[in-house]
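Please consider the following chain together with its three-dimensional model.

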Amino acid sequence: MNRLRCPIVAILGHVDHGKTTLLDTIRGTAVASREPGQITQWIGASEVPVSVIQKVCGKLLERFGIRVTIPGLLFIDTPGHEAFTNLRRRGGALADLAALVVDINEGFMPQTLESLIILKSYKTPFMLVANKIDLIQGWQPIQKACFLDSFARQRPDIQRALDDKIYELIGKLHELGFEAERFDRVSDFRRQVAIVPASAKTGEGVPEMLSILAGLAQRFLERELAVEVTGPARGTVLEVKEEVGLGPAIDVIIYDGTLSKGDDFAAGGLDKVVTSRVRALLQPKPLDEIRDPQDRFRSVERVFAAAGVKVAAPGLEGVIAGAPLWVVKDEADVAKFKQELLKEVERVRIKADVSGVVLKADALGSLEALETQLRGKGVAIRKADIGDVSRRDVIEAVTVAKTDPLLGAVLAFNVKVLQDAQDEAQAQQVSILQENVIYRLMENYEKWSKEKREKVRAQRLEGFVRPGKVVIKPGYVFRRSHPAIVGVDVLGGVIKPKYPVMRKDGHQVGTIREIQREKKGVHEAKLGDEVAVSIEGAIVDRHIREGDALYVDVPRDHVLALKGELKDLLSGDELAVMNEIIAIKQKRDSTYGVM
């Protein structure tokens, strides 16, 4: 038997642009305030029944000529674009539609742009919610009003201010290859992205958002939504956890077929297929949140696609979040599932004999999301797996650190670090970066990598005279000789005490004795610094003059090392100055700097 299922809607957008808060205004719950860092990190599911859509939208549906035939909308509240990508890749095409939430005052941010790239690549129909209109200066909010009604009551200058912000979004979308318009000015929903101005805080614009999502689903997704609801269920595991009074349970999104109490099913584990029988099916009440219900679940006999459901069953140990779940009738079904699962899991897990970071995460989705982020930044991965950080993981990182210290780290997303792993990391001085928010883990890794690079750079370059260039500032001669003291601007590279310096004709004029900034001694000066230097052996107006450019006189063996194995450790301005020094020295010695 075929019937229309709920369209599955993914909510995407940049951190803090109001994705979860927008759903809260519909749900009447407060999930956002209880998230780690108030940022959604688990994939949740919220069902908005047709009765609520009709109640919230009221006469707006008539105004748009929409007769709602879908049973409701099932919202996937994602941690961002990563989960959306992963769920699509599993072949479930989990999201039929997407709502991209943008702070109308901040505009497009990195995650907004990444989300758009993904939406474009999957050809997923989407709308843009221009959130936080209540923060436009002078806006007079009207609680839970239709945007059109609220907009009509604003002063003309406020209306213009909002339209200007909408046109900025339209322009940005156009740059990215999308035609867009404010929803009430759209002439063709197939070609144009509808922009709905809204406020998650006041509820303004929410009726239009729900109306347009329902309309888009019915008009363009009729074939996809007509599913065989009596067939065996297929779904994706969102989360695995122990429930009080139930034991192990899994949160699942069913995107096809029917799941009934007593059904045999197969679900994905890391190294095995877990088979079990449904003991109980628990659904949150409509408008509640599958991963954070404030009220008790209700027990149901069966669920039809699309639905979010909690499945209680024996022997669920080893099931992993992000894995597929199928209802199976016989051993042939189980064998087919096992083949599909192994293909999926092995695609995500990484074990390679290469220099790269070690990555541990709590679920397939988050592991894949982090892999995508790291690869996008050109970071190699030696091992990627699910589970707590073990001593073996730390030993892998130690092996890498010996040959490439910039990759010798363990990245741990939402998992524990076992005690023997902590002890080993401390003994071997290996960093374990632990976080429960994806973008923060990436930020922490980038910060660690930068600091480590500077440390390694300093250690490996220690003992080498590095290239540097300064100019003597006119009017800044403090002493003419014994030693000469002058003010200089550093034009490139680095200067340090004990470095020999020469003129641009290659004649050595002396050695730097001391460097001072604001009358305090410093151990070095770099590009852009203004400092005073004392030069032993130089006499102003005999060897050096105001306005002269001076270069570090880099010894022959040092320049060969800096050109060779240490080249990657030099900054761009150091390399440029080194080339100038080589050109100057080769006028007197054609073999200088030649390897």
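A salt bridge is taken here as a side-chain nitrogen of Lys or Arg lying within 4 Å of a carboxyl oxygen of Asp or Glu. The model is predicted. By this criterion Lys469 and Glu580 form a salt bridge, with an N to O distance of 3.1 Å. The pair connects distant parts of the chain, since Lys469 belongs to strand E25 (residues 468-479) and Glu580 to helix H16 (residues 572-586), 111 residues apart. Lys469 counts as buried because its relative accessibility is 15%, under the 20% limit. Glu580, with a relative accessible area of 30%, is partly exposed.

Across the whole structure, 31 salt bridges are found. One of them joins the side chains of Asp251 and Lys310 at 2.7 Å, N to O. This pair also links distant parts of the chain: Asp251 lies in strand E11 (residues 247-256) and Lys310 in strand E18 (residues 307-312), 59 residues apart. Both Asp251 and Lys310 are buried. Lys526 and Glu524 meet in a further salt bridge, at 3.5 Å, N to O; Lys526 is partly exposed at 34% relative accessible area, whereas Glu524 is buried at 17%. Elsewhere, salt bridges with shared partners join Asp163, Arg182, Asp184 and Arg185 into one network.

The largest nonpolar core comprises 66 residues, and Phe75, Leu128, Leu162, Ile195 and Met209 have the most contacts inside it. Helix H8 (residues 206-220) contributes the most to this core, with nine residues. Leaving aside residues up to four places away in sequence, Met209 touches Ile11, Leu22, Phe75, Ala99, Met127, Val129 and Val196. A second, separate core has 39 residues, among them Val488, Ile495, Val501 and Met578.

Attention now turns to an open sheet of five strands, ordered E20-E22-E21-E23-E24 with mixed pairing. Strands E21 (residues 357-361) and E23 (residues 409-413) pair in the parallel sense over four bridges, and Leu359 has Leu411 of E23 as its bridge partner. Helix H14 (residues 438-461) packs on the sheet, touching E21, E23 and E24, and its direction makes about 155° with that of E24.

Helix H12 (residues 391-403) has several buried residues, including Asp393, Val394, Glu396 and Val400. Their cover includes E20, E21, strand E22 (381-386), E23, helix H13 (419-428) and E24.

Key. Residues are numbered from 1 along each chain as its sequence is written. This is a predicted model: local features need pLDDT of at least 70, side-chain atom pairs count only at pLDDT 80 or more; totals for chains, interfaces and linings use all residues. Side-chain values use heavy atoms; hydrogens and water are left out. Two strands pair if DSSP finds at least two bridges between them. Helices (H or I, at least four residues) and strands (E, at least two) are DSSP runs, numbered from the N terminus. Contact means heavy atoms within 4.5 Å. Axes are lines fitted to C-alpha atoms, for helices over the stretch in contact, and angles run from 0 to 180 degrees between N-to-C directions. A nonpolar core is a set of buried Ala, Val, Leu, Ile, Met, Phe, Trp, Tyr and Cys residues joined through side-chain atoms within 4.5 Å. Buried means under 20% relative accessible area, exposed over 50%, partly exposed in between (1.4 Å probe, protein chains only).
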